[in-house]
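Please look over the model below before reading on. The report then takes it part by part.

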Amino acid sequence: MPSISSSRLAQLDGVFATVFGARPARHFQAPGRVNLIGEHTDYNDGFVLPCAIDYQTLVAASSRADMTVRVVALDYDNQQDEFSLVSDIASHPTQLWSNYVRGVVKHLQLRGMQFKGADIAITGNVPQGAGLSSSASLEVAIGETFKQLYNLSMSMAEVAFNGQAAENQFVGCNCGIMDQMVSACGAQHHALLLDCRSYDTQLISMPTELSVMIINSNIKRGLVDSEYNTRRQQCEQAAEILGIKALRDISLTELQNQKALLPEVVYRRAHHVVSDSERTLLAANALRNNDIKTLSKLMAESHVSMRDDFEMTVAPIDYIVELLSEYLGEQGGIRMTGGGFGGCIVALMPHALVDGAKQLIAQHYHSKTGIKEDIYICKASNGAGELQA
Ligand code: GLA
């Protein structure tokens, strides 16, 4: 049961009442996401094709008459935080989760938004550290909470930009815009084709005959932040040498013609980005046309490109991808998803193949790697919003 259960909602309200002495006035949610294709393309101004999933961060909230924000996090042993909107909002010394809340609120202030305090309780079921954007969903959920409690004049895209600014400048991770944007703007039964330069979006309907399976390798993303930032620098280096603003500004053929200009590793990084961005547009078309065979081929190429050119996969993930691609053939697609160096795999497949895929992984993954997987069957879901009572 992926969507947060009613018993969890009751627990959220119970903790809210215990800590703050009243029932919450309203509830908001923001989803995690799975990216179908287009990896590390967002900060290169390229294309991505994620969908929001039915795993969410959930917030219970009431506005306050003063300038205090109080927060309790159910998933961190009911840890609490309290800060004032009047003095400069600084980092919390020990609670990382608090910094997502503080950062989002601070950046709302920096945007000139006018609001007072709030009491907030948070829970969620987006797996953390798995590449399914639990952080972005928290940032967007908090942004949405203040937007709605105080009728702030912000579009959903602005809620997303605000979350990204908090993550870049307050938390210190130099991520792109994909995760926050789809958490804010996703739509049920659809993937979101996002142009990360113009921020134009197109909803692409998901074929009803396909299940979205996410396989969590349960390999925590070890050095992810340093690796992520290194990859980003290499992409920027490529663009600089090529004399373009971003890798978005070169086609694959042009890049191949200019190969000699770039150090070997930098060329491979650029090759991944430029080719994956092109594949993303083709994949959006294939999805639109229910052309599963083409989708299957593009996802397979994307995985190889992440493995060999961007060097962001790990052996146990490559193993699952190989195992299942053989099983799915042209009937489905599979690739690693997210920032890389561990985390999850996404597979699209006919419903009838789901049980067999699960069995295959159960038979082989643990015995091969000593690690146990988790599998989530997801539905493409709406972006952030208020939960109706
Ligand atoms: C992380 C980042 C995104 C994006 C992906 C890779 O999820 O937060 O902005 O760069 O990695 O595609």
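## Basis

This is a predicted model, with residues numbered from 1 along each chain as its sequence is written. Local features need pLDDT of at least 70, side-chain atom pairs count only at pLDDT 80 or more, totals for chains, interfaces and linings use all residues, and side-chain values use heavy atoms, with hydrogens and water left out.

Helices (H or I, at least four residues) and strands (E, at least two) are DSSP runs, numbered from the N terminus.

## The open sheet

6 strands form an open sheet with mixed pairing, in the order β5-β4-β6-β3-β1-β13. Two strands pair if DSSP finds at least two bridges between them. β4 and β5 run antiparallel to each other, paired over 6 bridges.

T68 sits in β4. This residue is buried at 17% relative accessible area. Buried means under 20%, exposed over 50%, and partly exposed in between (1.4 Å probe, protein chains only). Beyond its neighbours within four places in sequence, T68 contacts E82, F83, G117 and A118. A contact here is heavy atoms within 4.5 Å.

## Helix α2

α2 spans residues 96–110, 15 residues in all. From first C-alpha to last it reaches 21 Å, close to the 21 Å expected at 1.5 Å a residue. The expected span is 1.5 Å times one less than the number of residues. Just after the helix, G112 takes a positive phi of about 85°.

Why is α2 largely enclosed by the rest of the structure? The reason is burial: 12 of its 15 residues are buried. Among them are W97, Y100, V104 and L108. The cover over the buried residues includes strands β4 (68–73), β5 (79–84) and β6 (118–124). Helices α3 (134–149) and α4 (156–171) are also part of that cover.

H107 belongs to α2 and is buried, at 8% relative accessible area. Leaving out residues up to four places away in sequence, H107 touches N162, A165, A166, Q169 and F170. H107 and H40 are 67 residues apart along the chain. Their C-alpha atoms are separated by 25 Å.

## The ligand site

Which residues surround the ligand? They are R33, E39, H40, D42, Y43, C175, G176, M178, D179, Y228, G338 and G339. Each has a heavy atom within 4 Å of the ligand.

Polar contacts are pairs of N or O atoms within 3.5 Å; within protein, one must be able to donate a hydrogen and the other to accept it, and residues adjacent in sequence count only if both atoms are side-chain atoms. A side-chain N or O atom of E39 is 2.7 Å from a ligand oxygen. H40 places a backbone N or O atom 2.7 Å from a ligand oxygen. For D42, a polar side-chain atom lies 2.5 Å from an oxygen of the ligand. The protein covers 93% of the 300 Å² of accessible area that the ligand has on its own. Accessible areas come from the Shrake-Rupley method with a 1.4 Å probe; for residues, only the protein chains shown count as cover.

## Two positive-phi residues

H40 has a positive phi of about 60°, although it is not a glycine. H40 lies in the loop between β1 (26–35) and β2 (47–48). It is buried, with a relative accessible area of 5%.

F341 is also not a glycine, and its phi is positive, near 60°. F341 is in the loop between β10 (333–337) and β11 (344–350). At 12% relative accessibility, F341 counts as buried.
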